[in-house]
Amino acid sequence: MPRANPIDKHDLRRRALADSALRTLGELGYARSSLREIANNSEFSHGVVHYYFHDKLQLIVYCVMQYKQTCVTRYDGVIADAGTPEGLVDAFADKLVETIVDEAPMHRLWYDLRSQSMFEESLREAVGQIDRLLEEMIWHVVTRYSALSGIAPAMSPNTAYGMLDGLFQQALLGYLSGRAEALDALREQVRRVMPLVLAAS
């Protein structure tokens, strides 16, 4: 049996630590989490956590980057399976709602981290990288919708991302506040907004 590359083993342990840490980070947020608090809520000791991550910032950036890289691929099936513009919009809206219900703490952590980057310069590069990943994800949906509709997009990728991200964040806040109707509102808003990303026919 081939022996595992030490680098691979190191990365696997970092990923396992990140998966464990995400639960605590999602519950407590950026400001209230420390390496010790994260270790106390995981199967790893504080010493082990500190060995693999120098500080809380390095761990949180790694965690959120890992999560978002996985998250952006979840819309690939929506794009691939769509046969009509309306079908794509409905499936996209349903997937947005599904990820709020299933992973609200992770999205809350992301918005917390993005807000903190306005005050902490050390966060900005990683937040910018994640934002670009999410913008590309949204643009893949928009360009597929454009192709199915036979109409060119009417706005830039960052404009489309800003518009849809704003709707998603509002729905997330509503859901976290106990307003279940926020999810149906998100579906309806996505259906109304998506035609606006296309040029007038």
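**Exercise 1.** State what volume the second largest cavity has and which residues line it.

Solution. Step 1: the volume of the second largest cavity in this predicted model is about 30 Å³. A cavity is a set of points on a 1 Å grid over the protein atoms alone where a 1.4 Å probe fits but cannot get out. Grid points are joined across faces, edges and corners, and a volume is the space filled by probe spheres set on the points. Step 2: lining residues have an atom within 4 Å of a point, and here they are Leu17, Ser20, Ala21, Ile38, Ser42, Val49, Phe53 and Leu59. Step 3: helix H1 (residues 6-32) gives the largest share, 3 residues. Helices are DSSP runs (H or I, at least four residues), as strands are (E, at least two), and they are numbered from the N terminus. Step 4: by class, this lining has 6 nonpolar, 2 polar and no charged residues. Ala, Val, Leu, Ile, Met, Phe, Trp, Tyr, Cys and Pro count as nonpolar, Asp, Glu, Lys and Arg as charged, and the others, Gly among them, as polar.

Residues are numbered from 1 along each chain as its sequence is written. The model is predicted, with local features needing pLDDT of at least 70 and side-chain atom pairs counting only at pLDDT 80 or more, while totals for chains, interfaces and linings use all residues; side-chain values use heavy atoms, with hydrogens and water left out.

**Exercise 2.** Describe the largest cavity and the elements around it.

Solution. Step 1: a search of the whole structure gives 2 cavities of 30 Å³ or more. Step 2: the largest holds about 190 Å³ of space. Step 3: its lining has 15 residues, and those nearest its centre are Leu96, Leu134, Met137, Asp165 and Phe168. Step 4: two or more lining residues come from each of helix H4 (56-71), helix H6 (85-116), helix H7 (121-149) and helix H8 (157-176). H6 supplies the largest share, 5 residues. Step 5: the lining divides into 11 nonpolar, 2 polar and 2 charged residues.

**Exercise 3.** Work out how H6 and H8 are set against each other.

Solution. Step 1: their axes come within 9 Å and cross at roughly 85°. Axes are lines fitted to C-alpha atoms, for helices over the stretch in contact, and angles run from 0 to 180 degrees between N-to-C directions. Step 2: H6 and H8 are therefore roughly perpendicular (under 35 degrees is roughly parallel, over 145 roughly antiparallel, 65 to 115 roughly perpendicular, the rest oblique). Step 3: the contact (heavy atoms within 4.5 Å) includes Phe92, Leu96 and Trp110 of H6 and Asp165, Phe168 and Tyr175 of H8. Step 4: its residues are 14 nonpolar, 3 polar and 3 charged.

**Exercise 4.** Find how H4 packs on H7 and on H6.

Solution. Step 1: H4 and H7 pack at about 5°, with axes 10 Å apart, which makes H4 roughly parallel to H7. Among the residues in contact are Leu57 and Val61 of H4 and Leu133 and Leu134 of H7. Step 2: H4 and H6 pack at about 140°, with axes 11 Å apart, so H4 is oblique to H6. Residues of this contact include Ile60 and Tyr67 of H4 and Met106 and Leu113 of H6. By class, the contact of H4 with H6 has 8 nonpolar, 2 polar and 2 charged residues.

Methods: On a 1 Å grid over the protein atoms alone, a cavity is a set of points where a 1.4 Å probe fits but cannot get out, and a pocket is an open set with protein on both sides within 12 Å along at least five of seven lines; lining residues have an atom within 4 Å of a point.
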